[in-house]
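Hi everyone, thanks for coming. Let me put a structure on the screen and walk you through two spots in it.

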Amino acid sequence: MRILIVEDEKKIAEFMKRGLKEEGYAVDVAYDGEEGQFLARTNTYDLIILDLMLPKLDGISLCKGLRKEGLAVPVIMVTAKDAVEDKVAGLDSGADDYITKPFAFEELLARIRALLRKKGVPATTLLVDELTLDLVTHKVTRRGAEIILTAKEYALLEYMMRNAGKVITRTMISEHVWDTDFDTFTNVIDVYINYLRKKIDAGNSKKLIQTVRGRGYMLKG
Ligand code: CA
């Protein structure tokens, strides 16, 4: 899942970016409203964390603008003070949720999970055949045996499990699992698919990760 952070306070932005990357999210950061608007229009995000007070373009105007353009991406508004009018203005501008500074990182993670859940996945566990992925603890098992994954492998598997049974192209993977630093001319996606295959399918007669020739990959139970 790919997240955009729009936050002008560099320390807070870096803190969130580091924490979210450790959780396996792909993260881009914009330090003012205009840059945030540009990135939100240019890339495909699964969620946006949007500060209310921003240089060049404030969070409310940015959110309103994105909604006007028809972008339905979930937005969490970050408000500096616990003022009721800020929360109301945030929600009225089209934000789905808000969080008040200072906040505990665990609370932000829980709100992100809740919003991604609303987007179409009803449970905290993804299940494909005998493969399970716990979105809260990040524990992955196949037939009950735990599989240890790196953050990036986890992110890739989560994306594939959310789209199980569908063809996933390399472009889709790069848009949802990697951030803007990603170089599309490398074969890093294929490398990571192979890592996952070794950990998930090796030793199993039933292969869950399939190559769809000329198109991409599919995870299928
Ligand atoms: Ca700010």
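**Helix α7 and the calcium site**

Let's start with α7, whose buried residues pack against β1 (2–6), β2 (26–30), α6 (151–162), α8 (188–200) and β11 (216–219). Before going further: this is a predicted model, where local features need pLDDT of at least 70, side-chain atom pairs count only at pLDDT 80 or more, and totals for chains, interfaces and linings use all residues. Residues are numbered from 1 along each chain as its sequence is written, and side-chain values use heavy atoms, with hydrogens and water left out.

Helices (H or I, at least four residues) and strands (E, at least two) are DSSP runs, numbered from the N terminus. Which residues of α7 (170–177) are buried? They are Ile-173, Ser-174, His-176 and Val-177. Buried means under 20% relative accessible area, exposed over 50%, and partly exposed in between, using a 1.4 Å probe and protein chains only.

Take His-176: its relative accessibility is 12%, so it counts as buried. Beyond its neighbours within four places in sequence, His-176 is in contact (heavy atoms within 4.5 Å) with Met-1, Arg-2, Ala-26, Thr-44, Asp-46 and Tyr-159.

Now the calcium ion. Asp-8 (OD), Asp-51 (OD) and Met-53 (O) coordinate it at 2.1 to 2.3 Å. Asp-8 sits in the loop between β1 and α1 (10–22) and Asp-51 in strand β3 (47–51), so this pair ties together parts 43 residues apart in sequence. Donors here are N, O and S atoms within 2.8 Å of the metal (3.2 Å for Na, K and Ca); water is not among the atoms, so sites may look incomplete. Asp-8 is partly exposed at 28%, while Asp-51 is buried at 3%.
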